[in-house]
Amino acid sequence: MNKECKDYYNQEFKDLLKEVDALREKPTLFLHACCGPCLTYPLSILVKHFKVTVGFFNPNIFPQSEYEKRLATLEKFLQEYTKDENVKVDLIVNEDDFIKYQNLFKDRLASYEGGPVCLRCHAYRMNLAYEYAFRHHYDYFTTVMTVSCKKPSRELNEIAEKLSLQYPTTKYLYSDFKKENGQLKGILIAKKYNLYRQNYCGCEPSLKERQNVLSQKKSQSEKDLEILG
Ligand code: SF4
């Protein structure tokens with residue numbers, strides 16, 4: 001099938017699930033998660049087909065208090081969801097090297113969200129998680145990040161496809177979780193579990209950009225109010 005087709009990765013995903021369901025035992029899957037809200041919908045599908053371990057590998061998140069908040073949100077969701085659904089899901093939290101990350105991604109300051117530095121950032125975090133999955137003999141690896149409309153599914157799948165060559169015994173599970181209203185379904189699950197939903201991507205520049213947008217909106221609405229008298 002042509003990879004330009006917009007349903008290519010979702011179709012690959014569905015085909016693979018059929019293969020997996022024919023196996024006697026569920027295979028193991030290491031699932032990289034950037035945050036709790038993005039985990040919700042992918043996990044709700046994947047637990048039906050795999051023995052899932054979630055990996056929180058995100059040295060991009062700034063500041064430390066936000067990192068801890070996102071991790072606590074994800075832990076709360078996992079605790080409540082696994083109890084409600086009567087499923088077992090393990091969690092691995094990476095020993096993140098925040099200073100190393102910040103040094104490697106200084107050029108993000110001169111870039112923009114969704115630009116080439118962001119693709120490197122996705123690749124960096126996916127590599128950390130994929131390497132862990134490979135070293136610990138997981139059958140499959142994937143990331144939840146394709147659920148977000150702000151993250152490009154095609155590029156994420158291409159990055160992981162390249163990484164899979166380095167980690168050949170852990171297969172990459174193609175995905176496009178934003179298909180079939182995946183992002184909306186995820187938001188609804190996040191609301192049901194009352195999860196904190198952050199309003200910026202993660203790194204320090206993305207936080208500052210968000211703050212700038214919010215302060216511009218605030219001063220614009222103050223001007224509008226002045227005009228209205
Ligand atoms: S905006 Fe998001 S994806 Fe881009 S560099 Fe920052 S944390 Fe990484």
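Predicted model: local features only at pLDDT ≥ 70, side-chain atom pairs only at ≥ 80, totals over all residues.
Local features were taken at pLDDT of at least 70 and side-chain atom pairs at pLDDT 80 or more, whereas totals for chains, interfaces and linings use all residues. Residues are numbered from 1 along each chain as its sequence is written, and side-chain values use heavy atoms, without hydrogens or water.

The protein chain contains 8 helices and 5 strands, where helices (H or I, at least four residues) and strands (E, at least two) are DSSP runs numbered from the N terminus. The order of the elements from the N terminus is α-β-α-β-α-β-α-α-β-α-β-α-α. For 229 residues, a compact globule would have a radius of gyration near 17 Å, and the 19 Å of the protein chain agrees with this; the radius is taken over C-alpha atoms, and the globule rule is 2.2 Å times the number of residues to the power 0.38. Along the principal axes, the C-alpha atoms fill a box of roughly 70 × 40 × 40 Å. Of the 229 residues, 46% are buried (buried: under 20% relative accessible area; exposed: over 50%; partly exposed: in between; 1.4 Å probe, protein chains only). Contacts (heavy atoms within 4.5 Å) between residues at least 6 apart in sequence join residues at least 24 apart in 75% of cases.

Helix 2 (residues 36-46) packs against helix 3 (residues 64-85) at an angle of about 30 degrees, with the axes 9 Å apart. Axes are lines fitted to C-alpha atoms, for helices over the stretch in contact, and angles run from 0 to 180 degrees between N-to-C directions. The two helices, helix 2 and helix 3, are therefore roughly parallel (under 35 degrees; over 145 is roughly antiparallel, 65 to 115 roughly perpendicular and the rest oblique). Gly36, Pro37, Leu39, Thr40, Leu43 and Ser44 of helix 2 form the contact with Thr73, Leu74, Phe77, Leu78 and Tyr81 of helix 3. By class, the residues of this contact are 7 nonpolar, 4 polar and no charged (nonpolar: Ala, Val, Leu, Ile, Met, Phe, Trp, Tyr, Cys and Pro; charged: Asp, Glu, Lys and Arg; polar: the others, Gly among them).

Helix 2 also packs against helix 7 (182-192). The angle here is about 110 degrees and the axes are 8 Å apart, which makes helix 2 roughly perpendicular to helix 7. On the helix 2 side, Pro37, Thr40, Tyr41 and Ser44 meet Gly182, Lys185, Gly186, Ile189 and Ala190 of helix 7. This contact with helix 7 comprises 4 nonpolar, 4 polar and 1 charged residues.

Most residues other than glycine have a negative phi, and most peptide bonds are trans. Phe62 and Pro63 are joined by a cis peptide bond with omega of about -10 degrees, and Pro63 lies in the loop between strand 2 (51-56) and helix 3. His137, not a glycine, has a positive phi of about 60 degrees. His137 is located in the loop between helix 5 (116-135) and strand 4 (140-143) and is exposed, with a relative accessible area of 65%. Glu180 likewise has a positive phi, near 55 degrees. Glu180 lies in the loop between strand 5 (171-172) and helix 7 and is partly exposed, at a relative accessible area of 40%.

Cys203, in the loop between helix 7 and helix 8 (204-228), is buried, with a relative accessible area of 13%.
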